[in-house]
Amino acid sequence: MKLSPRAAFILFVSMVAFALAQALWWIIFMARVVGEKVDIAKELGGSPELVEQIHRQEITRQIMVGTEGVFFLVLILLGAWLIYRALVRTEELKFHQQNFLSAVTHELKTPLASIKLYLDTLESAKVAPEKKEMIVPRMKEDVARLEKLVEDILEAGRFDRSGYHIEKSRFDLSALVTERLDVVARVPSKVPKSIDREIPNGVYVHGDRSAMGRAVDAILENALKYHNDETVHISVRLGTDGDWISLAIADEGIGFEPKEASAIFERFYRVGDEMTRRNSGTGLGLYLCREIIRAHGGSVTARSDGAGKGAEFTITLKRADGYENDTDS
């Protein structure tokens, strides 16, 4: 049965209203029963002490039954609330899945169409050889884009089936972040791009270097993709505090509403305004980033002061054992 969030809310409110109405009716009914028993005792000529005793016994009994009734009422309301939340989350997941399918379809068709056009061009005898040579790198870019999309989808599937398995070893996180930033610096951009770095040498972690690079890439790609149409400015700070490492990546892009800080790491989730719809994406990048960081025993958080005010992502990881011996830290 398809149920919209609005219909689920109406159903929830109806159930609550019905339960409260039943409780109110039950209270009134029991109060009447007490009064009737007391009146019957009086009509039968019961002494004031007997009438008072009957009244106290009925009140005590109703308090006991009422307590049980309140307990079950709370259970019913709690159950109704859980059902309501489940329905809303199911509909939200369906909505994000539909967006995901639309995004994946677009992401697949666009590079395939480009590759087909390039192949047609290569087959043409009218195109000069030097122009054909210029096409090959572009074809490789489209193929790489397709490969990354397929890898993201497969990785997301692995998380669902059996969790994420990583092969840990001690590696230099400083070198990894520097390497990924160098790659970002070489990526062509339609707007001016600048990157500020504060990366001390020799900060080591115990983890999967390839997976960690994927997590850092997801945040950096977000900063590149969701810029403010005027400039791309990325600020990266790597710091240590005792046994812990903090990697903060901030941008001045489109940002998001503070209430979305947790939701943006959910699978298929994309900030739902027209700006993000104009950009490519599947809603899997930050989800994979969070799962990879979690698999390393760390955490990743996001913060923004609102739409158009940029965003900051912070990855927290434990330092590798023996970091005291890292000469450059």
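Buried means under 20% relative accessible area, exposed means over 50%, and partly exposed lies in between. The exercises below use these classes on a predicted model.

**Exercise 1. Describe the aromatic pair of Phe265 and Phe313 and locate its two members.**

Step 1. The rings of Phe265 and Phe313 are 6.1 Å apart, centre to centre, with 85° between the planes, an edge-to-face pair.

Step 2. Phe265 is in the loop between strand E5 (244-251) and helix H6 (274-277), while Phe313 is in strand E7.

Step 3. Phe265 and Phe313 are both buried.

Step 4. A search of the whole structure gives four aromatic pairs.

**Exercise 2. What is the strand order of the five-stranded open sheet, and which strands stand at its edges?**

Step 1. The order is E2-E4-E5-E7-E6, and the pairing is mixed.

Step 2. Strand E2 (193-198) and strand E6 (299-303) are the edge strands; each has a single partner strand, so one side of each is left without a neighbour in the sheet. From one strand to the next, the twist averages 15°.

Step 3. E2 and E4 run parallel and are joined by six bridges.

Step 4. E4 and E5 are antiparallel, with eight bridges; Gly239 stands opposite Ser246 in E5. These two strands form a hairpin with two residues between them, and Gly242 in the turn has a positive phi of about 65°.

Step 5. E6 pairs with strand E7 (residues 311-318) in the antiparallel sense over five bridges. Arg303 stands opposite Glu312 in E7.

**Exercise 3. Where does His233 lie, and which side chains make polar contacts with its side chain?**

Step 1. His233 is part of strand E4 (residues 232-241).

Step 2. Its relative accessible area is 19%; the cut-off for buried is under 20%, so His233 is buried.

Step 3. The side chain of His233 makes a polar contact of 2.6 Å with that of Ser194, and another of 3.1 Å with the side chain of Asp196.

Step 4. Ser194 is also linked to His233 through the sheet, as its bridge partner in E4 is His233.

Step 5. Beyond its neighbours within four places in sequence, His233 is in contact with Ser194, Asp196, Ala250, Asp251 and Glu252.

**Exercise 4. How many residues form the largest nonpolar core, and which have the most contacts inside it?**

Step 1. The core has 49 residues, and Leu173, Ile234 and Ile264 have the most contacts inside it. Helix H5 (residues 209-225) gives the most to this core, nine residues.

Step 2. Leaving aside neighbours within four places in sequence, Leu173 is in contact with Val203, Tyr204, Val205, Met212, Leu238, Ile245 and Leu317.

Step 3. Another core, of six residues, lies apart from the largest one; its members include Ala8, Ala80, Tyr84 and Val88.

Technical notes: Residues numbered from 1 in each chain as written. Predicted model: local features only at pLDDT ≥ 70, side-chain atom pairs only at ≥ 80, totals over all residues. Heavy atoms only, no water. Helix = DSSP H or I, 4+ residues; strand = E, 2+ residues; numbered from the N terminus. Buried < 20%, exposed > 50% of the residue type's maximum accessible area, 1.4 Å probe, protein only. Polar contact = N/O pair within 3.5 Å; in protein donor to acceptor, adjacent residues only side chain to side chain. Contact = heavy atoms within 4.5 Å. Core = buried A, V, L, I, M, F, W, Y, C linked by side-chain atoms within 4.5 Å. Pairing = 2+ DSSP bridges. Axes fitted to C-alpha atoms, helices over the stretch in contact; angles between N-to-C directions. Phe/Tyr/Trp six-rings, centres within 6.5 Å; stacked < 30°, edge-to-face > 60°.
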